[in-house]
2 protein chains.
Amino acid sequence: MRPTGRTAVVGAARPRATRTVVRMAAVSEATTGVKRNPNLAKLGAGYLFPEIGRRRREHQEKNPDAKIISLGIGDTTEPIPKVITDALQGAAAGMNTKEGYSGYGAEQGMGGLRDKLASRFYDGLGIGSDEVFVSDGSKCDISRMLMLFGSDTSIAVQDPAYPAYVDSSVIMGATGVLNEETSQYNNITYMNCLKENGFFPDLSKANKTDLIFFCNPNNPTGACATREQLQSLVDFAKANGSIIVYDAAYAIYIEDGSPKSIYEIEGADECCIETCSFSKYAGFTGVRLGWTVVPNKLKFSDGTPVNKDWNRIMTTCFNGASNIVQAGGLACVTDAGFDAMMGLVTYYKENCKLIRECFVEMGFEVYGGVNAPYVWVGFEGRPSWDVFAEILQKCDLVTTPGSGFGPSGEGFVRVSAFGNRSDVEEAIRRLKKVYG
Amino acid sequence: MRPTGRTAVVGAARPRATRTVVRMAAVSEATTGVKRNPNLAKLGAGYLFPEIGRRRREHQEKNPDAKIISLGIGDTTEPIPKVITDALQGAAAGMNTKEGYSGYGAEQGMGGLRDKLASRFYDGLGIGSDEVFVSDGSKCDISRMLMLFGSDTSIAVQDPAYPAYVDSSVIMGATGVLNEETSQYNNITYMNCLKENGFFPDLSKANKTDLIFFCNPNNPTGACATREQLQSLVDFAKANGSIIVYDAAYAIYIEDGSPKSIYEIEGADECCIETCSFSKYAGFTGVRLGWTVVPNKLKFSDGTPVNKDWNRIMTTCFNGASNIVQAGGLACVTDAGFDAMMGLVTYYKENCKLIRECFVEMGFEVYGGVNAPYVWVGFEGRPSWDVFAEILQKCDLVTTPGSGFGPSGEGFVRVSAFGNRSDVEEAIRRLKKVYG
């Protein structure tokens, strides 16, 4: 056979026994004739979080003794409560038995889990189990949503925003090219969320678009919209015929009585998709389980229910979340599991309070961190990536540069409350030493 | 708040306190202004397997006492070997401990698993771990591949073929509309795989396309290409500058020495992506774990490595396979796990032999079933759906109609070897009673 483990030299000739020169003439030695997808070429830098991981590794390599603490990527650190891992473990063990084994399940999720998600999170809001689709997480659902809506779709996002909305839209061809000067893509409506507007967009200035991606409580600013603000958003969408993709990944962190689901708002079931996840609820960031609600009353302009096409996307482009993981999800929505989840949430909220107080005490401008696990800290006049680099350099502490979420995040860093308490306390000590 | 649980009447007025008539005037009562994605509208019937499930349920409802046996959807039935479930269980239990807990992992998969997949399945073939991407299964990877290549991509498929290739291509807008008469989409090249050509396409008649989806051993025909045939396919792709998406989901069933990976073929690393899965290897159909190989040497026409863009797709549109499930995958590729997997494969192959012999004995035209877990049975002159319905009606046995995989499957049904031995034996008894 052919030699292996050899370093290939691009373009270099090597003997090929089985090909004729004539057939090869049409194609150059080292490339296929397949054009690169121009939408992929539009993407500016790498996806934000892998880039942060890269910089972290680089710092570690240069400083092998540094004990780096990450309050960056928003990654959960605390063990999953036993009542939930028992269910995961039981399902895993069951796979070795005739009774416990199961093969392909419904792509939309186990019926029992869909039922329980509907009753646990949407009780009294008129959401039925056939409107709840279980998945391997919201990020994956967001890119499937772009497949659902297609390239001929106009998009609005909060600025700053979780990068998957924009990047998935770019990949699907729903946007123009990147404007290097503004770091914004053409044909996307960026709705500025600034301290001047309480991090809620000025809808009177926003363009009419097909989709509005709206994350609430917000990642990264930690802002949480009031009932009145959400009603104005839904009214705005209905007036324009838009669909809101409402990302409620942090809803369980709300403590001030603001709505935890967009379906608490009058009219939302006619204009909103809601996506959510167990990642930040039960520490399932690595375990992978989420869900998306597509109400039956939500319709395209021709009257086709969006639910019908979403069902087709889920059955064609997805094959169901892992059955073992869904068993864990079922445990999360029992009373005991839910209480245990709330224990985790309370733990991270306590971290958040400590981080928030630290920055307030040091005299920084501080936002968020009350109804959301993120603290949004202003370093006015300084580029976010510089601040990120400085905090990494001086404190061995990973944060997330605000500008990584969009130009309106410039001058801020996001500090995540997902961390072990002792790490958070140590991070605070280091921060106080440098900035206190 | 608003009344819930009420049946909505489309278009019917109901009191709405918070909206002004003026704002609503632009949009009709019950729809948004968002256009339905025309690509979704192109899709003919439902996805094949849910449709079969629907017909099965219908039959059960009409015949509540029927003990239906399914040799239809290709769903695994036998418990996962203990050496593998122990690993799944251990990882699940570990999630409750400080040491065992992990959050977000690399979207491309755990480094150790990528290493082991490379060495277990591609040893000596020059595939490195950075070319192996772990996922939640091949079906999901196939639709992500369409996102990778984009809508301006021409497609060829075997006919008959696993429906996800065509349906994902339709959803991405890479095809024309469905021709109702031929049941084929415009702008797809269907490469006929018929008994006349030994179920391997006549490449001298095939169009040049960007992508060639090629499933080998084939689902549904059970045919397995020889080394010479695969070399001719790779040569054909290279001559045309095409990329082959090689679906090797059943490769482990090959017993006659034919290549188990396309990378055994000279030149394949410059023109082939290979996707594979633990679904039919280890009974992971519900557990969800697969992988896709994108060689570094595979390049778009502008010289950009395909691997680079695939990495961007995986990091943006996916968030990694479940960490618990990946631990199971790691067990599958140990020596003990691999032997246990081969035990499962041998079990299903024995089923296959029994099914094959049954149809041969009854005088049917029988193909496949040697290097693949599917037997392809000809009922010449009869529509596949009629035969499917007859077998369901008379034998309480679910098969898959050949025409569900494309027009060239007409007149055949696929019989899957995935079943418990006693069910397979009972199915054979019933078949012999009706057709013997």
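What covers the buried residues of α4(B)? The first point takes up this question; the model under discussion is a predicted one.

1. Helix α4 of chain B. The cover over the buried residues of α4(B) comes from both chains: it includes α4 (82–94) and α11 (323–332) of chain A, and α9 (279–282), α11 (323–332) and α12 (335–361) of chain B. The buried residues of α4(B) are Ile84(B), Thr85(B), Leu88(B), Ala91(B), Ala92(B) and Gly94(B). In general, an α-helix has 3.6 residues a turn, so residues three or four places apart point the same way. As to geometry, the 13 residues of α4(B), residues 82–94, should span 18 Å at 1.5 Å a residue, and the end C-alpha atoms are 17 Å apart, which agrees.

2. Helix α4 of chain A. In α4(A), the buried residues are Ile84(A), Thr85(A), Leu88(A), Ala91(A), Ala92(A) and Gly94(A). Their cover includes α4 and α11 of chain B, along with α9 (279–282), α11 and α12 (335–361) of chain A.

3. The interface of chains A and B. How many residues of chain A are in contact with chain B? The number is 120 residues of chain A, in contact with 119 residues of chain B. The two chains bury about 9,900 Å² between them, and carbon and sulfur atoms account for 53% of that area. Across this interface 8 salt bridges are found. A salt bridge also joins the side chains of Arg36(B) and Asp309(A), with an N to O distance of 2.7 Å.

4. Domains of chain A. Chain A is divided into domain 1, made of 48–79 + 337–435, and domain 2, made of 82–334. The contact draws on 33 residues from domain 1 of chain A and 40 residues from domain 2 of chain A. The centres of the two domains of chain A, taken over C-alpha atoms, are 25 Å apart. Between them about 2,900 Å² is buried, with 63% of it from carbon and sulfur atoms. The count of salt bridges between domain 1 and domain 2 of chain A is 3. Within chain A, Glu365(A) and Lys195(A) form a salt bridge whose closest N and O atoms are 3.0 Å apart.

5. Database annotation. An unreviewed UniProt entry places the feature "domain: Aminotransferase class I/classII large" at residues 67–431 of chain A. Over those residues the chain is 37% helix and 16% strand, and the end C-alpha atoms lie 14 Å apart.

6. Phe338(B) belongs to helix α12 of chain B and counts as buried because its relative accessibility is 17%, under the 20% limit. Setting aside residues up to four places away in sequence, Phe338(B) touches Arg120(B), Phe121(B), Ile252(B), Ala331(B) and Cys332(B). Ala282(B) is 56 residues from Phe338(B) in sequence, yet their C-alpha atoms are 8.8 Å apart. Lys116(B), in helix α5 (residues 111–121) of chain B, is partly exposed at a relative accessible area of 42%. Beyond four places in sequence, Lys116(B) touches Leu330(B) and Val333(B). Arg430(B), in helix α14 (residues 421–435) of chain B, is buried at 16%. With neighbours within four places left aside, Arg430(B) is in contact with Lys67(B), Ile69(B), Cys395(B) and Asp396(B).

7. Backbone geometry to check. Most residues other than glycine have a negative phi, and most peptide bonds are trans. The bond from Asn219(A) to Pro220(A) is cis, with omega near 20°; Pro220(A) sits in the loop between β7 (211–215) and α8 (227–240) of chain A. In chain B, the bond from Asn216(B) to Pro217(B) is cis, with omega near -10°, and Pro217(B) is in the loop between β7 (211–215) and α8 (227–240) of chain B. Ser183(A) has a positive phi, near 60°; it lies in the loop between β4 (178–179) and β5 (184–185) of chain A and is partly exposed at 47% relative accessibility. Phe199(B) has a positive phi of about 65°. Phe199(B) lies in the loop between β6 (188–192) and β7 of chain B and is buried, with a relative accessible area of 7%.

Note on methods:
Residues numbered from 1 in each chain as written. Chains lettered and ligands numbered in written order. Predicted model: local features only at pLDDT ≥ 70, side-chain atom pairs only at ≥ 80, totals over all residues. Heavy atoms only, no water. Helix = DSSP H or I, 4+ residues; strand = E, 2+ residues; numbered from the N terminus. Expected span 1.5 Å × (residues − 1). Buried < 20%, exposed > 50% of the residue type's maximum accessible area, 1.4 Å probe, protein only. Contact = heavy atoms within 4.5 Å. UniProt positions renumbered as here; feature names shortened; annotations may be inferred. Domains from an automatic or database assignment. Buried area = accessible area lost by both parts, 1.4 Å probe. Salt bridge = Lys/Arg side-chain N within 4 Å of Asp/Glu carboxyl O.
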